[in-house]
Amino acid sequence: MKKYNKYNIKNNKKISNLLLRNYVIATLIMFLIFLVFFFGTMAMWITVYMPINNLISAENSKLVAENIIKDDYRDIDVSEILKVKGWIEVVDTDFNVIYTSGNPKEKRNKYTKDEFYKKIINANNDIFTNDKYIYNIAYNSKKDFNLIVYLPNDNYFNSSIKKPKVGVRNFFGIAITLYLIIFILIMIIYTKITSRNLTMPLKELMRGVKSIHKGDYSTRIQLKSQNEFGQLRDAFNGMAEKIEEERELKEKSEETKRRLIMDISHDLKNPLASIRGYADLLVKNPDISKENEIKYLNIIEHNSIRVNDLITDLFELSKFESIDFNLALKRIDICEFLREVIADYIPSMDEKNIEYNFYIPNNSIYITIDPKHIHRAISNLITNSIKYNGEGIKLNISVEDLEGCVLLAVEDNGIGIPKELELDIFNPFVRVDSSRNSKSGGTGLGLAITKTIIEKHGGKIVLESDKNQGCKFIITLNK
Ligand code: ATP
Ligand code: MG
């Protein structure tokens, strides 16, 4: 499960940075659009409004004969001239038109001497204008020919090619208005995006809070933000995770409690039913034989002991859970202590021909424990080995002195406990085979009590076992 405990305090991506970023982007876009508009307007203005005279007077204008004249008149670049619907004529020294290109408004093959000189004089004075066209002349002295470039005159050019309907003032008015409209549009988009960046995370957070409110604790907030919203997301997800964990724990403990109560009532029901049945039998049959009377009374006694054991064990187990439970700790020599515990069981072991071996160091190992409770814990392990196994098994009890702790092991080579119960066997009322145990009378609380005692001492107990492989209980106690 993902942990949300880190709130990314280090990450200093803030909401203010987000706002600044959006602002800078919007400003840049506006500036770019301004540039495009500015140059676009200029370009349009030049192409639409630039008078043809201006085109001619531009430096190296390709509309001026002098600039384009070549020794071979066929190489003359007339492209610009054709674009503005102009044409050229090449005239030799006899005033014959020897070459034309473009679409002449006035076609002729020859000029008279007068006509031609008039043309030259006019062209030299200025760019000569007549109604329909303007022209300029250049002379190639090397090859002895003149080049005349004819261009439609301004009025003609404007009316025949393109006469803008909008005046210059209006043109710029429209351009500025358009720019302002785009400016306002961008401002609106900027505001929308910025508010989306703020409202989206809030909506997502609201969705999470609502889900939690409805009881769906598995809900998590998915936000990519690294800013304060990101921190809020982590805090929220961390909280949801914690609530979910606590709820699972609560459900688990309630389930354990329910199961415990069921187990207790089940384990009490059988012996109590038996006591009641046999007591009833004795009350209703006063003439019962002495032999049967003793038999029934034995059963009643056996079952009442069972009930008593169960209640005593339960009481003990719940005692450990109470807040005012305290261990009566003493510093004792664990080796000596263990020898005394084992001594009590030697007769029962001999009775069952158990081959016992004790590996207990001769030197003293001092640890701090509550002797009464540890006695109970270890006794339960030894009793189990004797009780649940047949005759002639081997039982080893050992003590190992380690740095900071002591290992106690109780190991037998009997019927063992199935591997899958290695952990659960320490839970109350868990038994390998209840039919087998009802005979031997165990309550199924012994190992639970042992484990609780060891854990109260800050130690731990583990089982290494398998079916028919024997059991090895290893206890670790801190010194
Ligand atoms: P109580 O100890 O309260 O009299 P119990 O002995 O049934 O009851 P535990 O001591 O918790 O309860 O043992 C649980 C079960 O584990 C036993 O019922 C038994 O089936 C199994 N068990 C415990 N120790 C051994 C062992 N050494 N060999 C085989 N089975 C064992
Ligand atoms: Mg037991």
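How many nonpolar, polar and charged residues does the shell around ligand 1 have? In this predicted model, the shell has 9 nonpolar, 10 polar and 5 charged residues.

## Shell around ligand 1

Ligand 1 is surrounded by 24 residues, and the closest are N384, Y388, T443, G444 and L447. Two or more residues of this shell come from each of the elements α12 (371-388), α13 (434-440) and α14 (446-456). The largest share belongs to α12, which contributes 5 residues.

Oxygen atoms of ligand 1 lie close to polar atoms of the protein at several positions. At N384, a polar side-chain atom is 2.8 Å from an oxygen atom of the ligand. At G446, a backbone N or O atom lies 3.0 Å from an oxygen atom of ligand 1. At V432, a backbone N or O atom is found 3.3 Å from an oxygen atom of ligand 1.

On its own, ligand 1 has 590 Å² of accessible area, of which the protein covers 96%.

## Largest pocket

Ligand 1 sits in the largest pocket, whose volume is about 590 Å³. The lining of this pocket comprises 33 residues, with N380, N384, K387, Y388 and G442 nearest its centre. N384 and Y388 are also among the residues closest to ligand 1.

At least two lining residues are supplied by each of α9 (290-321), α12, α13, α14 and β12 (471-478). Helix α12 gives the most to the lining, with 8 residues, and it also provides the largest share of the shell around ligand 1. Sorted by class, the lining of the largest pocket has 11 nonpolar, 14 polar and 8 charged residues.

## Second largest pocket

The second largest pocket has a volume of about 380 Å³. It is lined by 16 residues, and those closest to its centre are L18, N197, K224, S225 and N227. The elements that give two or more residues to this lining are α1 (15-49) and α7 (168-214).

Which element supplies the largest share of the lining of the second largest pocket? That share, 4 residues, comes from α7. By class, the lining of the second largest pocket has 5 nonpolar, 6 polar and 5 charged residues.

How values were computed:
Residues are numbered from 1 along each chain as its sequence is written. Chains are lettered from A and ligands numbered from 1 in the order in which they are written. This is a predicted model: local features need pLDDT of at least 70, side-chain atom pairs count only at pLDDT 80 or more; totals for chains, interfaces and linings use all residues. Side-chain values use heavy atoms; hydrogens and water are left out. A residue is near a molecule or strand if one of its heavy atoms lies within 4 Å of it. A polar contact is a pair of N or O atoms within 3.5 Å; within protein, one must be able to donate a hydrogen and the other to accept it, and residues adjacent in sequence count only if both atoms are side-chain atoms. Accessible areas come from the Shrake-Rupley method with a 1.4 Å probe; for residues, only the protein chains shown count as cover. On a 1 Å grid over the protein atoms alone, a cavity is a set of points where a 1.4 Å probe fits but cannot get out, and a pocket is an open set with protein on both sides within 12 Å along at least five of seven lines; lining residues have an atom within 4 Å of a point. A molecule sits in a cavity or pocket if more than half of its atoms lie within 2 Å of its grid points. Ala, Val, Leu, Ile, Met, Phe, Trp, Tyr, Cys and Pro count as nonpolar, Asp, Glu, Lys and Arg as charged, and the others, Gly among them, as polar. Grid points are joined across faces, edges and corners, and a volume is the space filled by probe spheres set on the points.
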